[in-house]
Every structure is written in C-alpha cells, then in structure tokens.
Amino acid sequence: MRYRKLGSSDLMVSEVTLGTWLSYGEGEVRARHIACVRRALDLGINLIDTANVYGWGESERLIAEALFGVPRDRYLLATKLWGPMSDTDRGLSRAQVFKQIDGSLQRLRTDYVDLYQCHRYDEETPLEETMAALSDVVRQGKVRFLGFSEWPLDKVREAAALAGVERFVSSQPQYSMLWREPEAGVFPLGRSLGFGQLAWAPLAQGVLAGRYPPGSAFPDGWRGESPAMSVHLRRWFSAPVLAAAQSLTALAAEAGLTPAQFAVAWVLDNPDVTSAVVGASRPQQLDDTAAASGAAVDPALFRTAEARLSAALAEAEALHV
C-alpha cells in the first residue's frame, strides 16, 4: 500500500480508503463487516470513512467494535454530519455541529476524529455559522482536520475567504471513468486552495468492476440521491454502457489487473486524487481493490477505456436513456 499527503494537512493517507456506507447489520452480516475493517488494516489501509447517518449511527458503532484494542495511531477516522439523525437533528448549524460530533465520538469510542466532513451543503444555515462552529470543535481537540463532500464550488471559495476559521483540507467527490465532472470543477479548485480529493464510487456502483452484464437491473441500494443523479445512474445501466464496461475486462487483463483494480488504478492515476474510497461486504473484495495501489498501467490502456465509455455514454444519451 502506498500513501499520499491529504491536502495541506499532515495526514498521510493510504491510496485506498475503506468506505462504510452499508457497513452495519447483525449476526453474520455484522461479522463480515467487522472482518472487512480488520482486513483493511492488514492490507495497509489506514483511513476508514463513515458518517453519522450510515445506519443512523450503526456504522460508527461497528467500526468502534472492529477497532477495539487496536492502537489509535494505527488508523485514521473520518466521519461526516449534515444528514437527518432524527426529525429535528440535521444540517450544519452551530448546535448540530456540537451535538453531532459528540454523538459520533461516543459511538466511535474515541476522543477525536482525524477528519470531520460536511456531507453536503446546508442552505438553511449561514456559512459563517457553520465554519465558526467547525473551527471551534477543531480547537477543542475533538477534530484534527475538516473536509466537505459535494459542496457548490462558490461556497467552497467563500469558506476559504472567511477570516479566523479553519480551512478545509479535503473534498470527497464522486469520481470514476463514468463520472468525470470533478476534473473541470473541484479538482482545479483543490489545487488552488490546497485540499486533497477522496474519490467515492470509483467503481461506479460496481459497473466498472464488470459485475453487471448488459440487461442487468439496478442493484439493491443504488444511490438515487437526486433526480439528476438518477438520470446518470440509469445511463450507466443502459445496454451500451454495460457492454462497454464488460469490454474493459480484456484491457484490465492486458495490464495484469482485475476490472476492479483497473478502475481504481485509473482514479489513482490522476494526481489530484489522494485516495479512492471503496466499500466491501467481504474481506476478499478488499484484497482485490487494495492491490490497485501502486499499479503501473500503460496510459494507452486507460485512454482506450475512456474512449469506449465516452462513446457508450453518448449512445445512451442519444437513446434518451
């Protein structure tokens, strides 16, 4: 496993991060997810990413159970706030920042988190209030560094221009061969303002891992976070895109990689990316994706893959998928 510095922070982060969006449950399911956390550490993955709303706190509790007895300096913890934890608890107000960090710390059984991220932007709370509160929890020692996910770029710029507040050191954008919007937006802004990128969904919901042959239905739990995102996900599960994704298996094999490794290696090939955030329901899946760290791939193979997927997306759009 290789490591990269996260933005302007002093955090050295593994090139692959364990994401825990669906890491909770009971019985055999819980045991498998705990095994994934422990396997991640064995593989050199040092950043574990979660959020208070994942399982409404259950993901954080599972992580604490999995890490019990592990020295705190062996791993980095990242969690988030913004989403609804109850009918009244949501957003990025001062009261919510203080309440949600304390709740996360209690569930994670730790005195601090290394990275505290705003899951989305809160239109109902003044930016100045949010940034002042986040700065306070940093100065109280409950949080080491701050980050955000999928914020409007003008709000990121405004936050950076505020006086007397802590700066963001990370962004968490969706990024894959099928979703390249960050290249024209948050990536150059990160270079300008000094924050790194933790790329989520590098496998595009498993499409780029070759899990879905043409004609496949949407996977259970797919992220339909907004009407706009739903349109893109429908396009990914169109026949042209699924066929193109299947064709990448041969390119990956030529590089000596599995399709999942090839997709993660493509993300890591971008120097703006600090780490690729991958999920896992079984430890063997991490054995696969973690091996993408440090993979040397002929750039021509990546360009061929990009061209195929771009053509397939254009075909799907022309079919009004």
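View 1. Buried denotes a relative accessible area under 20%, exposed one over 50%, and partly exposed the range in between, for a 1.4 Å probe and protein chains only. Strands (E, at least two residues) and helices (H or I, at least four) are DSSP runs numbered from the N terminus. Strand β6 (residues 113–118) runs parallel to β7 and is joined to it by five bridges; two strands pair if DSSP finds at least two bridges between them. Within this pairing, Q117 stands opposite G147 in β7. The model is a predicted one, in which local features need pLDDT of at least 70 and side-chain atom pairs count only at pLDDT 80 or more, while totals for chains, interfaces and linings use all residues. Residues are numbered from 1 along each chain as its sequence is written, and side-chain values use heavy atoms, with hydrogens and water left out.

**View 2. The aromatic pair of W151 and F168.** Nine aromatic pairs are present in the structure. Rings of Phe, Tyr and Trp (its six-membered ring) pair if their centres lie within 6.5 Å; planes under 30 degrees apart count as stacked, over 60 as edge-to-face and the rest as tilted. W151 and F168 form an edge-to-face pair, with 5.2 Å centre to centre and 85 degrees between the planes. The pair links distant parts of the chain, 17 residues apart: W151 belongs to the loop between β7 (143–148) and α5 (153–161), and F168 to strand β8 (residues 168–171). W151 is buried at a relative accessible area of 6%, and F168 is buried at 7%. One aromatic cluster is formed by Y121, F148, W151, F168 and F195.

**View 3. Arginine residues over aromatic rings.** A charge sits over a ring if NZ of Lys or CZ of Arg is within 6 Å of the ring centre and within 35 degrees of the ring normal. R72 lies over the face of Y112, 4.2 Å from the ring centre. R90 lies over the face of W82, at 5.7 Å from the ring centre.

**View 4. The lining of the largest pocket.** A pocket is an open set of points on a 1 Å grid over the protein atoms alone, where a 1.4 Å probe fits, with protein on both sides within 12 Å along at least five of seven lines; lining residues have an atom within 4 Å of a point. The largest pocket is lined by 40 residues, and W21, L22, R211, G279 and A280 lie nearest its centre. Two or more lining residues come from each of the elements α1 (27–42), β10 (273–278) and α10 (283–290).

**View 5. Two alanines with positive phi.** A201 has a phi near 60 degrees, a positive value in a residue other than glycine. This alanine, A201, is found in the loop between β9 (196–200) and α7 (227–236) and is buried, with a relative accessible area of 11%. A204 is found in the loop between β9 and α7; its phi, near 50 degrees, is positive. The relative accessible area of A204 is 0%, and this residue is buried.

**View 6. P299 in helix α11.** P299 lies in helix α11 (residues 299–318) and is partly exposed, at 48% relative accessibility.
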